[in-house]
Each structure stands twice: as C-alpha cells, then as structure tokens.
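Work through the exercises below with the sequence and the structure side by side, and try each task before reading its solution.

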Amino acid sequence: MSAPKTEPGYHGHAQRHEVPPPLGQAILAGRFGRMFPELSTPLEVPDAALVALGLAMRDDDAPAGENSGNNEEIPAGYTYLGQFIDHDITLDTTTLTEIVDDPMAVENFRTPRLDLDSVYGFGPRAQPSLYDRTTKGMGGDPAPVKLLLGSTAIGGAEAAFAGLPHDLPRNAQGFAIIGDERNDENLLVAQTHLAFLRFHNAMADRLEGKVPRGRLFDSTRRAVVDLYQAMVLRDFLTKLCDVNDIALAVKQREFFRFETFGAFGQPYMPTEFSVAAYRLGHSMVREVYSHNRIFTPGGVVAANFDLLFQFTAKSGLIGTPGDTPANKPTLPGDWIIDWRRFLRFEAPQPPGPVPLNLSRNIDPYLAKELHELGLPPNTSGAATDGSSSLAVMNLRRGAKMKLPAAQDIARFMGIPVLSPDEIGDDTSDGRAARKHGLHQRTPLWYYILKEARKTQGGARLGPLGSRIVAETFVGLLDGDPTSILGRAPSWQFGDPIPGLALDGADRRFTFADMVMIAAEHRENGATTVNLSPIG
C-alpha cells in the first residue's frame with residue numbers, strides 16, 4: 001500500500017496555505033507574516049524549472065559518493081520530534097475557497113507558542129475527553145489530572161503485547177482522541193505524541209504531595225511545558241543549529257522583530273521559516289527503520305515508509321474494515337516503538353546494544369519515497385509533472401508565497417553567500433539549478449539544504465538556515481510571557497533553566513531524558529523504567 005494522497009504534503013508538513021501574506025505588518029496575532037518585509041522583490045521561477053530542480057533532489061539519483069548518508073550527530077527520533085514541534089506551533093485550516101474569497105486570510109490557527117496545546121487541548125475542564133477521569137481528585141484536584149492513554153490490540157506477529165498502555169487513546173472508529181489529529185498521521189509521530197502523554201503522567205506522579213493541594217494538574221503542566229521548552233532550546237535546536245546562533249538570538253534577536261511587524265507586538269509565524277527553513281526535516285526522513293526487535297531489517301519485516309502510515313487512523317488502516325495486521329481498533333501491540341533504536345541513552349537498558357536509527361544528512365537529497373507519494377504500488381520514479389514529489393511541492397509553495405531569493409536574504413543578514421559554482425556544482429541537483437539559472441538566484445528551501453551540505457557536510461544547518469531557525473524559536477518563546485524566557489527576560493543561553501521542577505534541571509534536559517521519565521512505571525511504591533516492552 002502506498003502512502004495516501006488525500007491531502008498534499010506528508011510527514012507532518014501538509015500544505016497550509018497557497019496565498020502569500022502581506023509584505024508589511026502581520027494584521028492579526030497568530031497570522032503568518034514576513035521575517036524580512038523589507039525584501040519586497042520575490043523570486044519568480046517558471047514552474048518547469050521548479051519541477052526539474054525538485055525531481056533532481058532524489059537520493060538514489062545522486063552521483064556516486066554524493067548521495068545522502070547517515071547523520072551521526074542526529075538520531076532518527078529527532079526527525080519526528082521536529083514534526084511534533086511543527087504541529088505544536090502551526091496549523092492552517094483555511095480552505096482554498098476561503099483563500100480565494102479573502103486572500104489576506106492566511107492565518108495560523110495553532111498558537112505560535114511552544115505551549116503543548118496539541119497535547120493539552122483546552123484543559124481537563126473544557127476538553128475532558130483528553131483526560132483520564134479515574135484521576136479526578138488526585139492531589140485534591142477537582143478535575144482529572146492525568147492524560148488519557150490507549151491500549152494496544154493483539155499483534156499479527158506476536159500477541160503478547162496486547163492490552164498495554166502504549167497507544168494513543170482512540171474512539172470507537174479508531175480515530176485518535178488527541179489535541180491535534182496530525183499527530184496520528186504516521187506511527188513515529190504518534191508514538192512521540194504518546195511519549196508526551198506518558199511524560200505528563202509520570203511528572204504528575206513525581207509532583208504529587210510536593211505542590212499545593214488542588215494545584216497538581218496546573219503544577220504538572222507548568223513543569224512539563226518548562227522542560228519541553230528547555231529541551232527545544234538546548235537539545236533539539238543544538239542538533240540543527242550553530243549553538244552560537246541560538247545564544248546570540250537569546251541575547252539579542254536581530255531579524256525576527258515581531259515587536260515591530262507583528263500585531264499588538266505578538267509573534268507571528270514567519271513564512272521564511274515555515275515554508276522554507278524548517279522544512280529541513282524532509283531531508284532527514286529515512287526509507288526504512290529498525291522499529292523494534294520484530295519489525296527490523298532481518299526480522300519479520302522492516303518498518304518501511306508505507307507501514308508507518310498503515311498503522312495509524314488518520315492516514316492508514318486502524319479502525320477500518322478488513323483483515324490485515326493494520327485493521328485493528330487500536331495499534332497492534334507488536335508495533336510499540338523501541339526508543340533505544342531512535343535515541344541515545346546514557347544507560348541503555350538490557351538486553352544490551354540494539355541498532356540505532358540515525359537521521360539522514362541535512363542536504364538536497366530526499367528519499368525516493370518522498371518523490372513517489374500517492375503513486376500506485378510498484379511504481380518506479382516520480383510523476384513527471386512533479387505532482388507526486390514532495391520536493392517539487394515545497395519549491396512550488398515557496399514560489400506561491402513569493403519568497404525572496406535566498407541570496408537576497410543572506411546579503412540582508414550579512415551572512416556569506418554561496419557562490420554560483422557551489423550551488424551549480426556537478427551533482428544532479430546542481431546541474432538542474434545551473435541549467436535554469438537557479439544557481440545565481442535560488443529558492444530559499446533548496447538553498448538552505450545546499451548550504452547545509454556545502455558548509456557543514458550535512459551534519460546541521462549552515463549559517464543562513466541556522467540563523468532563521470534559531471531566531472524564530474527564540475522569538476516564539478520571547479513573545480510568550482509564560483515561557484521560560486518570558487518569565488526571565490535576563491536569562492542567557494548558558495544560565496540554569498529557571499523554574500524547573502526536576503532534580504538536576506540546570507543541566508541540559510534532553511529528549512532522551514524526557515522519554516526515560518515517560519517510561520517510568522509506579523506500582524506498590526516502586527518505580528521501574530522500561531523503554532521498550534518489546535526489548
């Protein structure tokens with residue numbers, strides 16, 4: 001089964017809008033806007049050139065020695081943490097008809113804050129369906145304290161893992177009961193969302209009896225969001241960006257000036273970030289993963305691209321009629337993730353070393369499956385019009401949003417510009433760029449990937465991409481008066497994280513730390529940690 005094509009865009013990056021926001025001030029808080037409104041000249045590119053360049057951005061078509069390799073610095077779990085974060089800060093529900101009726105209505109309906117509203121929704125009082133009603137009264141709280149978890153179904157390969165709390169909560173038709181349905185569009189982001197649910201519940205256990213009576217949910221949510229924001233700044237971003245760019249943005253943001261260009265001084269979502277720079281994650285996606293000891297290369301079957309979609313309800317077969325391993329009311333238990341294969345832990349658990357999935361390098365080459373989205377099974381090659389290629393979709397989106405040429409942005413920021421020879425080199429993508437003149441004035445998304453390869457060997461973003469991403473994330477935190485930066489305006493990147501309810505929180509808190517806490521299980525006063533019941 002191929003990945004569904006009910007909506008254009010995959011792996012969490014569905015098309016959000018097709019009409020560019022105004023060049024000047026963002027009209028309302030929460031709208032998309034420009035980071036560089038001074039740059040009013042868009043890059044105009046014929047569609048045929050975008051198709052040619054996008055189709056050349058294919059990993060298996062790259063010359064020998066030029067194809068994308070493993071990124072030893074970034075375990076694969078961060079690819080899907082990045083997707084989860086994207087869903088936490090961006091959502092556009094505007095239809096094409098609505099956009100045509102009101103071209104200025106390019107609105108981000110997700111709050112542009114790192115506040116985990118995709119997890120908590122409107123809270124246990126307003127949205128009780130997300131919460132475990134059996135925890136009402138815990139710590140004296142009048143409403144439920146813990147988030148609801150789902151139980152696994154009997155697996156087709158091994159039945160022993162049925163009935164475990166390792167799925168998203170689901171309704172009678174299999175659809176996930178969560179704050180953002182996009183977090184059930186592939187299995188890895190779904191299991192990431194589940195880790196956040198379990199993290200909140202574990203933190204509630206840790207804080208019970210240590211916070212004022214009747215305030216356990218609020219205290220737990222505050223601690224979880226603080227740690228999440230700290231993790232984004234000092235773990236996730238340091239995987240993608242130059243740490244000096246993050247520290248500089250914290251000290252003094254120079255380009256994401258929402259105080260000047262935003263409505264009422266509130267942050268907006270920069271299109272240079274959402275349409276270009278943050279789409280770096282597409283190049284990190286692998287074709288095949290070692291998911292657990294059952295579904296791994298050499299096991300029953302490897303967790304390939306298609307299977308990761310099948311074992312969901314939004315994109316796949318969970319809850320639908322049929323008689324295959326994926327046609328279950330909930331996730332089959334033998335598909336529970338083994339986090340040891342997706343993150344590095346300081347103390348790996350028994351039974352010993354397991355294969356670690358690494359992300360792919362940040363570069364212009366996308367896995368071939370991302371060029372063949374929605375095509376019939378056993379189809380070889382992308383559609384020649386680019387309609388099946390995520391790379392072409394991204395390039396077209398940047399053109400429709402009238403983004404400036406990457407070189408114009410780099411010069412405006414005072415960042416060294418890649419030379420035409422560096423962009424138009426003797427690679428499949430470089431030759432396509434040179435043929436169509438895109439080595440001199442270059443689409444921003446492609447340039448950022450090329451820059452990462454040329455300046456960092458694909459290990460992380462280059463100077464332009466790093467600065468845009470760092471400034472956006474820091475700006476979103478600066479503009480939230482409840483965030484760890486909003487509550488401590490004088491905080492600097494190397495300082496202890498303020499206000500965190502966790503022992504040793506002044507050290508860097510990582511995604512692996514969060515998953516370790518999420519894996520805690522308390523019974524009869526004892527706490528154990530099990531990163532994978534299929535270990």
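**Exercise 1.** Decide whether Glu-272 is buried or exposed in this predicted model, and find which residues Glu-272 is in contact with, leaving aside its neighbours within four places in sequence.

*Solution.* Begin with the relative accessible area of Glu-272, which is 0%; because buried means under 20%, Glu-272 counts as buried. Next, locate the residue in helix α10, which covers residues 271–276. Then list the contacts, which are Gly-33, Arg-34, Met-35, Phe-36, Ala-277, Leu-403, Ile-409, Leu-444 and Ile-468. Finally, take Ile-468 from that list: it stands 196 residues from Glu-272 along the chain, and yet the two C-alpha atoms are separated by 7.7 Å.

**Exercise 2.** Describe how helix α13 and helix α17 pack, giving the angle and the distance between their axes.

*Solution.* Helix α13 (residues 406–413) meets helix α17 (residues 463–478) at an angle of about 75°, and their axes are 11 Å apart. Since angles of 65 to 115 degrees count as roughly perpendicular, α13 is roughly perpendicular to α17. The contact involves Ala-406, Ile-409, Ala-410 and Met-413 from α13, together with Leu-464, Arg-467 and Ile-468 from α17. Sorted by class, these residues are six nonpolar, no polar and one charged.

Note on methods. Residues are numbered from 1 along each chain as its sequence is written. This is a predicted model: local features need pLDDT of at least 70, side-chain atom pairs count only at pLDDT 80 or more; totals for chains, interfaces and linings use all residues. Side-chain values use heavy atoms; hydrogens and water are left out. Axes are lines fitted to C-alpha atoms, for helices over the stretch in contact, and angles run from 0 to 180 degrees between N-to-C directions. Helices (H or I, at least four residues) and strands (E, at least two) are DSSP runs, numbered from the N terminus. Angles under 35 degrees count as roughly parallel, over 145 as roughly antiparallel, 65 to 115 as roughly perpendicular and the rest as oblique. Contact means heavy atoms within 4.5 Å. Ala, Val, Leu, Ile, Met, Phe, Trp, Tyr, Cys and Pro count as nonpolar, Asp, Glu, Lys and Arg as charged, and the others, Gly among them, as polar. Buried means under 20% relative accessible area, exposed over 50%, partly exposed in between (1.4 Å probe, protein chains only).
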